[in-house]
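Hi there,

Here is the structure I promised to pass on to you. Have a look at it first, and then read my notes below.

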Amino acid sequence: MAHLLHIDSSISGPASVSRALTARAAAAWKAAHPDGTVTYRDLGASPLPHLTTASALAGITPAAERRPEQAAAWAVSELVVEEVREATTIILGLPLYNYGPPSSVKAWVDYLIAPGLSLDAHTRAPLLGGRELLVLATRGGGFGPGTPREGWDHAQPWLPHGLAMTGLEPEFITTELTLAPVTPGMEHLVPLAKESRAAAEHTIDQRWVPSLVR
């Protein structure tokens, strides 16, 4: 059965563009999979604990030798990997914060990289490939070719590398200039912001449209 893992990471609440886009994508997915099931994780409201010196080595420590904090960290890995393993489709909201990914997304990736769960403990072969991973990336400004901040987005280029050991391969739909409507001095960019968002929404709406029956 089709199963969706819907993940948000924005800390902006109702004002979040990435949350609006992931909700739109989840609705489109559910319309195309009326019998499908959904798991929702909100990394912005309920972030995973970051790895610490005490918990970081849980994955390479034999289960019987794990200290309590390592056992707790491994339990988080087991949970997030199982959520991904159960999913046929994953939708992830990825806003750009200070030119990088939200730290909550970095923590999620850190827990996903778990030898024996998401990659083979001996061969290092990835174990989570074959799933659809759609990332709704949002940027407050413009970072495209020829802009003053071209190359300053370190979230979107990082994620495929961060997930590489798991076999997950993200596909991006990106919206730029999301801060133009609310930021003084960016008023002239509002039309471009609307155009960028409309293009993303159109791509989302077409994503799971069933083929016409002939």
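Let me start with a term: a residue is called buried when its relative accessible area is under 20%, exposed when it is over 50%, and partly exposed in between, using a 1.4 Å probe and protein chains only. Please keep in mind that this is a predicted model, where local features need pLDDT of at least 70 and side-chain atom pairs count only at pLDDT 80 or more, while totals for chains, interfaces and linings use all residues. Residues are numbered from 1 along each chain as its sequence is written, and side-chain values use heavy atoms, with hydrogens and water left out.

Helices (H or I, at least four residues) and strands (E, at least two) are DSSP runs, numbered from the N terminus. In helix H2, the buried residues are Gln70, Ala73, Trp74, Val76, Ser77, Val80, Val81, Glu83 and Val84. An α-helix has 3.6 residues a turn, so residues three or four places apart point the same way. The buried residues of H2 pack against strands E1 (3-8), E2 (37-42) and E3 (89-95) and against helix H3 (103-112); contact here means heavy atoms within 4.5 Å.

Next, Leu21, which sits in helix H1. Leu21 counts as buried because its relative accessibility is 0%. Beyond its neighbours within four places in sequence, Leu21 touches Leu136, Thr138, Thr175, Glu201 and Ile204.

Now for the spaces. On a 1 Å grid over the protein atoms alone, a cavity is a set of points where a 1.4 Å probe fits but cannot get out, whereas a pocket is an open set with protein on both sides within 12 Å along at least five of seven lines; lining residues have an atom within 4 Å of a point. Grid points are joined across faces, edges and corners, and a volume is the space filled by probe spheres set on the points.

The largest pocket has a volume of about 450 Å³. It is lined by 22 residues, and those closest to its centre are Ala15, Ser16, Val17, Thr178 and Leu179. Helices H1 (17-32) and H5 (190-207) each supply at least two lining residues, and H5 gives the most, with three.

How many cavities of 30 Å³ or more does a search of the whole structure find? The search finds one. The largest cavity has a volume of about 30 Å³, and E3 and strand E4 (132-138) are the elements that give two or more residues to its lining.

Enjoy exploring!
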